[in-house]
Amino acid sequence: AFTPATVEIARTGSVNWTFGATHNVTFSGGAGAPVNIGDTFAGTVSRQFNTTGTFTYQCTIHAGMTGTVVVH
């Protein structure tokens, strides 16, 4: 599971995903969503959110692994 499953940030803020095993992040939040994160084995990947809204995402490798970024 992504921890935390939901984060709230200000517009132009960034979210970091830290992976210790292979994961990806695929956004389904519509217009303004950042670029997806491809399969990443280890390390930290960051995405900036420049548009207000609610952006849901999932790891397509692991069923049920979802999260949400709420941008104010």
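User: How many aromatic pairs does a search of the whole structure find?
Analyst: The search finds 6 aromatic pairs, where rings of Phe, Tyr and Trp (its six-membered ring) pair if their centres lie within 6.5 Å; planes under 30 degrees apart count as stacked, over 60 as edge-to-face and the rest as tilted. This is a predicted model, so local features need pLDDT of at least 70 and side-chain atom pairs count only at pLDDT 80 or more, while totals for chains, interfaces and linings use all residues. Residues are numbered from 1 along each chain as its sequence is written, and side-chain values use heavy atoms, with hydrogens and water left out.

User: What kind of pair do phenylalanine 49 and phenylalanine 55 form?
Analyst: A tilted one, at 5.7 Å centre to centre with 50° between the planes.

User: Are those two, phenylalanine 49 and phenylalanine 55, buried or exposed?
Analyst: Both phenylalanine 49 and phenylalanine 55 are buried (under 20% relative accessible area, with exposed over 50% and partly exposed in between, using a 1.4 Å probe and protein chains only).

User: Nice. Which residues form the aromatic cluster?
Analyst: Phe2, Trp17, Phe27, Phe49, Phe55 and Tyr57 form one cluster.

User: Switching to strands: what is the bridge partner of phenylalanine 27 in β6?
Analyst: That's tyrosine 57. Strands β3 (residues 23–27) and β6 (residues 53–58) pair in the antiparallel sense over 2 bridges; strands here are DSSP runs (E, at least two residues), numbered from the N terminus, and two of them pair if DSSP finds at least two bridges between them.

User: And what is the strand order in the open sheet?
Analyst: The order is β1-β7-β6-β3-β4, with mixed pairing. The edge strands, β1 (6–9) and β4 (37–40), each pair on one side only.

Notes: Helix = DSSP H or I, 4+ residues; strand = E, 2+ residues; numbered from the N terminus.
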